[in-house]
Amino acid sequence: MAEGFIAAANEEAVHAGFYAVLNGKYPSDFWGLVRTVQKAEANGEAKVKAIADKVRAAGFAEAADQMDVFARQEGGHGVRLQAMLDKYQPKKEDTTGKKVYVCPVCGYEYVGDINDEDDSYVCPLCGQPKSAFVLEK
């Protein structure tokens with residue numbers, strides 16, 4: 001079990017490095033990417049908490065207590081990312097009168113007409129094809 005948790009921790013460290021690299025290399029709408037990741041992290045708190053509740057109900061209170069800590073950390077990631085967005089992101093693009101397509105898997109927002117993209121276009125975060133995107137506005 002410990003090996004599994006160590007592997008998860010190492011993956012989280014890799015994720016952090018990945019996000020740092022994206023800051024310098026992401027070719028388009030970096031801040032849209034950060035907004036998407038922020039939502040996922042903030043929502044992760046409730047999801048991990050729900051799993052912890054099931055673990056507790058199964059009689060593993062100690063493990064559930066630790067998972068509650070993880071849940072709060074996920075929520076904390078969301079708060080931290082929101083603070084970075086509030087402080088550093090350029091003024092959010094005004095989407096009034098523009099089409100906004102949302103990836104149903106990760107929440108990435110594509111501003112403009114996604115149909116102008118080549119059929120090989122995929123979500124830059126999760127790889128969903130453009131046909132999966134849903135028109136929001």
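Predicted model: local features only at pLDDT ≥ 70, side-chain atom pairs only at ≥ 80, totals over all residues.
## Basis of the model

Local features are given where pLDDT is at least 70, and side-chain atom pairs count only at pLDDT 80 or more, while totals for chains, interfaces and linings use all residues. Residues are numbered from 1 along each chain as its sequence is written, and side-chain values use heavy atoms, without hydrogens and water.

## Overall architecture

The chain contains 3 helices and 3 strands, in the order α-α-α-β-β-β from the N terminus. Helices (H or I, at least four residues) and strands (E, at least two) are DSSP runs numbered from the N terminus. The C-alpha atoms occupy a box of roughly 55 × 30 × 25 Å along the principal axes. Of the 137 residues, 27% are buried; buried denotes under 20% relative accessible area, exposed over 50%, and partly exposed in between (1.4 Å probe, protein chains only).

## Sheet and nonpolar cores

The strands form an open antiparallel sheet in the order β2-β1-β3. Strands β2 (109-111) and β3 (134-135) each have a single partner strand, so one side of each lacks a neighbour in the sheet. Strand β1 (residues 100-102) pairs with β3 over 2 bridges, pairing requiring at least two DSSP bridges. Val134 in β3 is the bridge partner of Val102.

The largest nonpolar core has 8 residues: Tyr101, Cys103, Tyr108, Tyr110, Ile114, Tyr121, Cys123 and Phe133. A second, separate core of 6 residues includes Val34, Val37, Leu81 and Leu85. Such a core is a set of buried Ala, Val, Leu, Ile, Met, Phe, Trp, Tyr and Cys residues joined through side-chain atoms within 4.5 Å.

## Salt bridges between helices

The whole structure holds 8 salt bridges, each defined by a side-chain nitrogen of Lys or Arg within 4 Å of a carboxyl oxygen of Asp or Glu. Asp68 is bridged to Lys49 at 3.5 Å; Asp68 lies in helix α3 (residues 61-88) and Lys49 in helix α2, 19 residues apart. Asp68 is buried, at 12% relative accessible area, whereas Lys49 is partly exposed at 35%.

Arg56 forms salt bridges with Asp68 at 2.9 Å and with Asp65 at 2.6 Å. Shared partners join Lys49, Asp53, Arg56, Asp65 and Asp68 into one network.

## The buried residue Glu41

Glu41 lies in helix α2 (residues 30-57). Glu41 is buried without a salt bridge, and the nearest side chain of opposite charge, Arg80, is 8.2 Å away. The Glu41 side chain does make a polar contact with the side chain of His77 (3.1 Å). A polar contact is a pair of N or O atoms within 3.5 Å; within protein, one must be able to donate a hydrogen and the other to accept it, and residues adjacent in sequence count only if both atoms are side-chain atoms.

Key:
Lys, Arg positive; Asp, Glu negative; His and termini not counted.
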